[in-house]
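Here's a quick walk through one chain of a predicted model. We'll start with a pair of helices and then zoom out.

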Amino acid sequence: MPETNANSKRGLSLDIYAVGLSLVLALLVHFNLLPAITW
Amino acid sequence: MATTIAAPPSHRLSIGKQIVLLIPGLLLLAVVGYAGKFIEQSINHYTKANHIVFPNIEYVLWAIVIGLVIANTIGVPRIFEAGVATYEFWLKAGIVLLGSRFLLGDVLHLGRISLLLAGIAITLSFAFMHLLGHSFDLKPKLTSLLAIGSSICGVSAIIAAKPAIDADDEDASYAIAAILALGAISLFTFPLIGHSLHLSDKAYGLWAGLAVDNTAEATAAGALYSDAAGKVAVLAKTTRNALIGFVVLAYAIYWASRGEAQVVGNKAAFLWKKFPKFVLGFLFVSLLATLGYFTKPQLTSLANLSRWAFLLTFAGVGLRTSLRDLGKQGWKPFAVGAIGEIFIALVTLGLVYGADRYLHL
């Protein structure tokens, strides 16, 4: 399985990237810098 | 859940080139996910226009099925692999953004119940899995990995535990294959069982979050039932994920005491290293929503962003599931995993029934 070969340190940092991206998006939404997101 | 995103082909590549390498796979995720959404909407329009009574089949299922068909027929070409492997990243981003749909009070209420039930279920399932592993004559460390994978968080828990208990690559691969196969089966069986038992959205979501192994599969199993159930499943699963560090630490100490793993020095640092950081992001966004940081339309935008992130995740679940690889494993790890999963599903179902009755979900 590919996951077993993955580097755990890299996995950890990507965890933080996911949080970072989400917070940036939340800020952009808060300051109305993104158009309304529809589904 | 697999925590890690496949490392890019070479660390010597610049960040720009690494991002370019992700684009084909990201596009494939988007196309497969959107195709699932399109099929759901088309069926709904057609059945409504023709007054046909037909159950709504969520895009989640279509996206996973399309991904499974591609992965297991023509296969996913190498050029798409790096981008497709980012589905775990979108899962975590989706979970953090989903925090905006929870008031912190709800998180604490449901999270407390989830924590209590997860604690009971984990203790019982560990005892049961070790008994099973012994009966089936599995290697003790393989049994440990299966127990960790089926009790906590599937693949990421196995990856976190592997170096901590000095387990073999082969054992980890077996355990991961078994957990992935069982996760795929749960996707299709849990919603059926939930509907036949007429479980409420909250009860079903809690059950899926406590019993389905991988976070991606638990999220999908919840979303297949209803939007509200998907929300609760994510919360329950996130609570379970938060326990990874404690369980891996306990195993590391156990195997070190037997001289078969390295001694853990700084336990607090170990816990922090293994703690899934996106849980903190989820709580932070939930706190912001509770404090009124977002207006109602903004909350809707954040919820929709979370749904788009999950759309990419569900496409990835199908595209990354190789039925051939799953069939390659020995039958024993799969049998132990399967029996253990059924046990965990039954225990957690009983616990959820009890919680629904006495703790008012």
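Helix 4 of chain B and helix 13 of chain B run roughly parallel to each other, because their packing angle of about 25° falls under the 35 degrees cut-off. Their axes sit 7 Å apart. Helix 4 of chain B covers residues 87-98, and helix 13 of chain B covers residues 278-290.

Who touches whom here? From helix 4 of chain B come B:K92, B:I95, B:V96, B:L97 and B:L98, and they meet B:F278, B:G281, B:F282 and B:V285 of helix 13 of chain B. Sorted by class, that contact has seven nonpolar residues, one polar and one charged.

Now for helix 9 of chain B, residues 215-225: 11 of the 11 residues are buried, so this helix is largely enclosed by the rest of the structure. The buried set includes B:E217, along with B:T215, B:T219, B:G222 and B:Y225.

Zooming out, chain B has 16 helices and zero strands. Its radius of gyration is close to what the globule rule gives for 361 residues, so chain B is as compact as a globular protein of that length. Here are some whole-chain values:

| Property of chain B | Value |
|---|---|
| Radius of gyration | 20 Å |
| Box filled by the C-alpha atoms, along the principal axes | roughly 65 × 55 × 40 Å |
| Buried residues, out of 361 residues | 53% |

As for contacts, take those in chain B with a separation of 6 or more: residues 24 or more positions apart account for 81% of them.

Technical notes
Residues numbered from 1 in each chain as written. Chains lettered and ligands numbered in written order. Predicted model: local features only at pLDDT ≥ 70, side-chain atom pairs only at ≥ 80, totals over all residues. Axes fitted to C-alpha atoms, helices over the stretch in contact; angles between N-to-C directions. Helix = DSSP H or I, 4+ residues; strand = E, 2+ residues; numbered from the N terminus. Parallel < 35°, antiparallel > 145°, perpendicular 65-115°, else oblique. Contact = placed C-beta atoms within 7 Å. Nonpolar A, V, L, I, M, F, W, Y, C, P; charged D, E, K, R; others polar. Buried ≥ 20, exposed ≤ 12 C-beta atoms within 10 Å, placed from the backbone. Rg over C-alpha atoms; globule rule 2.2 N^0.38 Å.
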